[in-house]
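Me: Hi! Could we go through this structure together? I'd like to start with the domains.

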Amino acid sequence: MELDKIEEKVLKMGKANQEVFSQIMQELAETDRDIIAVTSDSRGSGKLVPFGEKYPFQIVEVGIAEQNLVGVAAGLASAGKKAFAVSPACFLSARALEQIKNDVCYSDNPVTLVGISSGVSYGALGTTHHSLHDYAALRAINNIIIVAPADNFETEQAVRLAAKSSKPVYMRFGKKAMPYLDESNQTFEFGKGRIVRKGEDITIIASGETVYPAWLAAQKLEDENGIKATVVSMHTIKPLDTDLLNQLASNGNPIVTVEEHMVNGGLGEACASYLFQKGNTNKFKIVGIPDEYTVTGSQIEIFNHYGISENGLYKTCKELLAI
Amino acid sequence: MTNKELKLKSVFLRKNLLKYIYIAKAGHTGGSLSCVDTLNVLYNRVLNVDPKNFKSPDRDRYIQSKGHCVEALFVTLADRGFFPESDLETLCKYQSHYIGHPTKKVNGVEQNTGALGHGLPICVGEAIAAKLDHKSHRIFTLLGDGELPEGSNWEAFLSASQYKLDNLYAILDNNKQQITGYNKDVMNTDSVREKLEAFGWAVREVDGHNLEELEEALNNGPFEAGKPNFIIAHTIKGKGISYMEGVTKWHHGVPSPEQYELAMTELTEAEVLI
């Protein structure tokens with residue numbers, strides 16, 4: 001349990017991003033009656049039970065029916081409500097994909113789609129409950145912002161911005177407590193990556209819950225090899241912060257991307273597509289879940305298996321640096 | 001508008017939708033002809049919508065779930081002054097907003113539809129919002145009977161009942177045919193009245209080509225307080241054109257010049273009889 005070991009001595013621990021989502025939703029609903037949570041028997045896993053008790057007229061339950069979840073949310077948004085459709089990311093982004101494409105994005109109804117327990121958060125429940133396709137599926141749809149906040153600060157900011165967004169937003173959270181990353185860098189906007197650690201030797205671009213192991217790998221590189229890595233929380237997968245990518249690539253350093261997603265069509269491929277069409281020649285490695293039947297196990301065990309971990313990323317960085 | 005003028009309007013709309021399908025060389029002819037009477041009644045007798053101020057928050061909503069029969073909708077909207085009829089000369093042309101399914105780029109269209117089984121869930125959201133805001137406007141959708149097997153409809157039927165959406169009106173254009181043939185042979189959706197009643201809806205059946213019956217049903221809801229309203233409009237696919245009525249190939253058939261002339265002649269004859 002390497003993550004648990006190191007969090008105690010290096011970074012201040014926060015809550016699960018899902019819990020922060022629920023907390024901010026309650027705060028927003030207090031003063032804004034147009035905030036509506038739409039749930040598909042998912043208020044428990046979405047930590048929205050207290051929200052539902054406090055604001056019974058601001059929660060719409062549709063039962064286990066994700067297509068209807070998103071269609072109803074689109075109708076609510078069309079009528080001026082700030083609708084947050086909350087469902088496990090695996091179901092929301094697959095079962096209701098056509099509703100997302102047509103009723104939300106194409107019809108321009110500014111719903112916030114909240115994918116809870118995303119990636120392999122439901123680890124041992126297996127592939128049915130994993131969302132490792134959501135970036136890829138949604139990147140191929142016009143008119144949606146895709147966000148995977150790394151820590152509690154990013155989550156809070158993302159929820160607040162989504163409530164004000166005139167454009168559809170998809171955000172995904174995991175179940176695990178996340179540390180506060182760079183508390184000195186408290187700026188957040190959609191489409192602008194957040195540098196959580198600065199270094200001059202190598203760059204790691206991460207999103208969501210993989211920013212933390214990226215940060216830990218950077219620490220280990222520094223402690224054990226004197227290598228300094230820049231770590232970016234590329235919380236917005238779309239639109240991608242291409243200004244930041246230009247800046248990161250300009251020194252010619254190797255770039256490692258890491259995500260809790262299939263390698264196919266995710267953050268890494270998005271970065272590669274941009275950078276290499278611009279003529280960059282940086283060494284480049286995408287770390288994610290390969291195109292195979294995903295190994296079974298807990299989230300951490302799956303992360304470790306595929307190198308989405310402190311040690312795995314440490315090793316990948318050393319290979320790229322040829323040390 | 002008198003009842004006689006309303007009947008004449010139905011013939012006029014039939015002529016127009018055929019005209020623009022003929023010009024575009026594309027369209028969903030049979031289904032447009034089966035639902036155009038419903039649209040005529042909706043836009044001329046039922047819906048509180050203003051072409052000059054379409055986005056008024058208190059307007060009635062009409063979302064056409066059977067989006068492929070957009071030609072019936074477009075000619076009705078044009079006739080009500082939502083946009084100049086001549087715009088329809090660009091139907092399905094390069095860069096035109098008048099495409100083969102409803103799009104919000106056209107004044108008067110509420111939602112982009114076309115994929116089936118999408119209209120009703122959106123209407124449920126609209127109807128819940130209206131209830132939450134204590135607004136009295138109504139929400140209408142038009143479903144095709146061929147789209148009933150889409151599971152999302154049944155998810156929405158359940159939720160409309162759960163939320164007691166008596167401000168919601170789903171009209172079924174029950175023309176009994178779809179692209180492959182008769183519904184009963186493709187996927188049987190018979191006993192739809194019993195099914196919907198079992199789902200907690202209040203159901204009425206009307207002759208979908210009888211304007212008075214349509215108006216009476218659509219303007220006299222809710223049929224039962226606390227229940228969503230379901231109107232089964234019994235219709236004929238290709239209604240009004242002898243050689244199209246009940247003939248599956250006219251689902252998206254486009255008339256030849258001779259067939260077009262014949263259709264116009266038949267409609268002119270029908271006009272005289274009104």
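Predicted model: local features only at pLDDT ≥ 70, side-chain atom pairs only at ≥ 80, totals over all residues.

Me: Good to know. Which domains does the assignment give for chain A?

Reply: Domain 1 covers 2–8 + 183–321 of chain A, and domain 2 covers 13–179.

Me: And how far apart do the C-alpha centres of domain 1 and domain 2 of chain A lie?

Reply: Those centres are 24 Å apart. Where the domains touch, domain 1 of chain A gives 31 residues and domain 2 of chain A gives 29 residues.

Me: Which elements give two or more residues to the domain 1 side?

Reply: In chain A they are helix 9 (211–225), strand 12 (236–238), strand 13 (255–262), helix 11 (267–277) and helix 12 (299–305). By class, that side of domain 1 has 10 nonpolar, 15 polar and six charged residues.

Me: Switching to the core: which residues touch the most other members of the largest nonpolar core?

Reply: A:Val38, A:Ala73, A:Ala85 and A:Ile204, out of 168 residues in that core. Both domain 1 and domain 2 of chain A contribute at least three residues each to this core.

Me: What is A:Ala85 in contact with, leaving aside its neighbours within four places in sequence?

Reply: Its contacts include A:Val38, A:Leu69, A:Ala73 and A:Val111.

Me: Last topic, chains A and B. How many residues does the contact take from each?

Reply: Chain A gives 22 residues and chain B gives 21 residues. On the chain A side, the largest share, nine residues, comes from helix 4 of chain A. That side divides into 10 nonpolar, nine polar and three charged residues.

Conventions. Residues numbered from 1 in each chain as written. Chains lettered and ligands numbered in written order. Core = buried A, V, L, I, M, F, W, Y, C linked by C-beta atoms within 7 Å. Buried ≥ 20, exposed ≤ 12 C-beta atoms within 10 Å, placed from the backbone. Domains from an automatic or database assignment. Contact = placed C-beta atoms within 7 Å. Helix = DSSP H or I, 4+ residues; strand = E, 2+ residues; numbered from the N terminus. Nonpolar A, V, L, I, M, F, W, Y, C, P; charged D, E, K, R; others polar.
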